[in-house]
Amino acid sequence: MIVKFIDCTETYHSDMNKIIEFLSNYLKSMKIKNYILKLSEMRIVRCTQCRCCTLKKGNSPVKCVIKDDMNKTIDEIEEADAYIILADRNNLFSENKIHEKFSERLVAYYYWPYSQTNSTPRRISLQKKSILINYNTTKYFLNHSFYTAKRYMEHASTSIGAKVLDWEAITPQSNLIKSYSSRLKNMADNLIASFEK
């Protein structure tokens with residue numbers, strides 16, 4: 001089993017790095033290979049909506065004509081069996097731009113010929129699994145930013161063919177890992193258990 005962290009964090013947070021390190025070490029303690037894709041360190045540009053990648057049939061994502069890091073990122077995503085998708089939200093009225101660009105470029109996972117009104121997912125059955133973690137610094141819990149962030153993360157997961165098993169909105173705490181360690185372990189355990197059934 002290979003778990004891939006897809007870190008869509010827009011702003012540097014030592015807390016988010018602590019979460020990734022905690023989960024990575026927890027998975028390693030169970031001999032589970034895991035790797036981190038940190039999107040902020042990659043050159044991924046906005047989708048031009050040329051739809052070249054959507055015109056070819058097939059079950060696999062189609063490489064983009066844009067020569068940035070997205071094609072390599074898709075190759076790395078494809079190597080994994082399960083995912084931990086992470087994103088942050090720091091402003092109530094603006095989106096996470098890194099996550100937004102990444103989500104747009106996941107159009108490579110859709111078939112959409114010009115003769116067809118709507119796109120069709122290339123991965124109809126969600127054979128892989130994911131958990132979602134949103135680090136949210138907007139002030140009030142249960143505001144629309146939490147649901148918007150969750151929706152973007154769910155879209156990313158289903159696009160790559162992964163069923164969402166669980167999600168958690170994490171807010172800043174004086175001792176973040178101590179506050180969330182049980183919950184994070186529970187989420188990781190659910191991800192692992194889904195492959196043992």
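Q: Where does Asn-34 sit?
A: Asn-34 is in strand S2, which covers residues 33-38. Keep in mind that this is a predicted model.

Q: Is Asn-34 buried or exposed, and why?
A: Asn-34 counts as buried because its relative accessibility is 10%, and the cut-off for buried is under 20%.

Q: What does the side chain of Asn-34 have a polar contact with?
A: The side chain of Ser-24, at 2.6 Å. A polar atom of the Asn-34 side chain also lies 3.2 Å from the backbone oxygen of Ile-32.

Q: And which residues is Asn-34 in contact with, leaving aside neighbours within four places in sequence?
A: Those are Val-3, Phe-5, Ser-24, Leu-27 and Lys-28.

Q: New topic. Which helix is Phe-102 in?
A: Helix H3, residues 97-105.

Q: Buried or exposed?
A: Phe-102 has a relative accessible area of 2%, so it is buried.

Q: What is around Phe-102, leaving aside its neighbours within four places in sequence?
A: Phe-102 is in contact with Ile-6, Cys-8, Leu-39, Met-70, Thr-73, Ile-77 and Ala-156.

Q: How far apart are Phe-102 and Ile-44?
A: In sequence, 58 residues; in space, 7.2 Å from C-alpha to C-alpha.

Q: Which ring does the charged end of Arg-51 sit over?
A: The ring of Trp-112, with the charged end 4.1 Å from the ring centre.

Q: What about Lys-129?
A: The charged end of Lys-129 sits over the ring of Phe-195, 5.7 Å from its centre.

Conventions: Residues are numbered from 1 along each chain as its sequence is written. This is a predicted model: local features need pLDDT of at least 70, side-chain atom pairs count only at pLDDT 80 or more; totals for chains, interfaces and linings use all residues. Side-chain values use heavy atoms; hydrogens and water are left out. Helices (H or I, at least four residues) and strands (E, at least two) are DSSP runs, numbered from the N terminus. Buried means under 20% relative accessible area, exposed over 50%, partly exposed in between (1.4 Å probe, protein chains only). A polar contact is a pair of N or O atoms within 3.5 Å; within protein, one must be able to donate a hydrogen and the other to accept it, and residues adjacent in sequence count only if both atoms are side-chain atoms. Contact means heavy atoms within 4.5 Å. A charge sits over a ring if NZ of Lys or CZ of Arg is within 6 Å of the ring centre and within 35 degrees of the ring normal.
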